Amino acid sequence: VNLARIEHERERMERIQLMEKQKIWLEENVRLRTMELTQKTYEIEAQNEELKQQHEELSATHDLLEKHKELVEGKNRDIENINHSLEQKVHERTMEIEEAMKRLIKQNHDLQQFSFIVSHNMRSPVARILGLLELIKMEDSTVTDQELYYQYLKESALGLDQIISDLNQIITIRKGMDIVEEKIDFEKILKHNQTDLIDEITRAGAEVITSINVDEFDSVKGYVQSILYNLLSNAVKYRSPNRNPLVTIRIFEQNGYVLFEVKDNGLGINLPESRLHEVFSLYKRLHTHVQGKGLGLYLVKTQVEALNGKIEVQSKTGIGTIFLVSIPKNSRAQSELHY
């Protein structure tokens with residue numbers, strides 16, 4: 001029994017020692033593991049801190065990129081605005097150049113017409129005058145001959161004076177010497193024109209119908225009156241022999257323009273549509289059976305253009321003609337139109 005008790009005690013002591021050793025080993029392992037975990041924790045915290053710093057740096061970089069992006073977008077918008085402005089200026093400049101080219105072409109055409117007048121229309125009466133002066137110098141000319149020469153000389157001088165007067169009138173309009181704008185009373189102007197043409201209207205048995213639908217209009221009264229006078233005069237003058245003349249004058253507004261429409265049932269213009277613009281040429285006459293100089297429609301066109309407007313014509317032979325004048329309502333007349 002004692003041996004058994006001693007053996008049992010020894011085994012118990014061995015188990016206690018073993019448990020002590022296991023406890024020490026476990027404690028050591030726990031300590032080591034705890035140290036490892038603590039180290040891992042420090043490392044993880046360091047990594048987290050580093051990640052936090054990287055996140056902050058990324059956020060700052062992102063904010064900086066956003067600012068740069070906004071700056072770039074702003075610059076792009078500025079560039080687009082500058083490009084649009086430049087395109088607009090280029091377009092406007094191109095339009096100005098094209099308009100200047102049109103004016104130059106027209107001025108060149110006008111110069112050619114004036115050259116034609118000087119070289120032909122004025123040369124003829126001058127040559128006639130010079131020839132008559134030579135005849136007057138002849139010693140064998142009788143008093144009757146001299147009186148006849150004098151009469152021819154006077155007629156030639158008057159013809160030359162008329163040509164110079166026509167040119168002076170055209171130049172006056174072109175240079176805008178008589179441009180003074182005022183309120184236009186269309187009813188008064190039309191009545192005045194019909195009064196001036198009362199003999200022609202009565203002789204032709206013409207009926208003139210007028211329609212005015214314009215509130216207010218400021219323009220050059222002399223030009224407006226001359227334009228309507230010449231168009232009415234032509235409508236009565238170039239009437240058809242087969243019917244009583246009917247002239248309709250409409251004055252109305254459309255899209256910022258004041259329009260004069262003068263319509264007749266007369267002879268019409270014997271020209272193809274592509275050549276109707278020739279009626280506005282200087283000294284151009286299409287009907288020789290009616291007295292005239294071929295100056296009226298040229299003056300009308302010149303005055304319309306001086307008012308920054310335009311004139312169009314439609315015509316059918318034997319049916320009648322329509323003249324349509326359009327003048328900007330809010331555009332002042334040109335102060336000067338140089339050749």
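**Close-up views of a predicted model**

Eleven salt bridges are found in the structure, which is a predicted model.

**Panel A. A salt bridge joins Arg 31 and Glu 28.** Side chains of opposite charge can pair when their charged atoms come close. Here the N to O distance is 2.3 Å. Both residues belong to helix α1 (residues 2–121), and because they are three residues apart, about one helical turn separates them.

**Panel B. Helix α4 packs against helix α6.** Look here for residues 186–196 of α4 and residues 221–237 of α6, whose axes lie 10 Å apart at an angle of about 45°. The two helices are therefore oblique to each other, and their crossing is right-handed. On the α4 side, the contact residues include Phe 186, Ile 189, Leu 190 and His 192. Among their counterparts on α6 are Val 224, Leu 228, Tyr 229 and Leu 232.

**Panel C. Helix α6 also packs with helix α7.** The axes of α6 and α7 (residues 296–306) are 9 Å apart, and the angle is about 150°. This crossing is left-handed. From α6, the contact is made by Tyr 223, Ser 226, Ile 227, Asn 230, Leu 231 and Asn 234. From α7 come Gly 296, Leu 297, Val 300, Gln 303, Val 304 and Ala 306.

**Panel D. Four residues form a nonpolar patch on the surface.** They are Val 126, Leu 130, Leu 133 and Ile 136, and together they have about 290 Å² of accessible area. To find your bearings, pick out Leu 130 in helix α2, which spans residues 123–137.

Definitions and conventions:
Residues numbered from 1 in each chain as written. Predicted model: local features only at pLDDT ≥ 70, side-chain atom pairs only at ≥ 80, totals over all residues. Heavy atoms only, no water. Patch = residues over 30% accessible without salt bridge, like charges linked within 9 Å, V, L, I, M, F, W, Y side chains within 5 Å. Areas by Shrake-Rupley, 256 points an atom, 1.4 Å probe, with all protein chains shown as cover. Salt bridge = Lys/Arg side-chain N within 4 Å of Asp/Glu carboxyl O. Helix = DSSP H or I, 4+ residues; strand = E, 2+ residues; numbered from the N terminus. Axes fitted to C-alpha atoms, helices over the stretch in contact; angles between N-to-C directions. Parallel < 35°, antiparallel > 145°, perpendicular 65-115°, else oblique. Left-handed = near helix turned anticlockwise from the far one by under 90°. Contact = heavy atoms within 4.5 Å.
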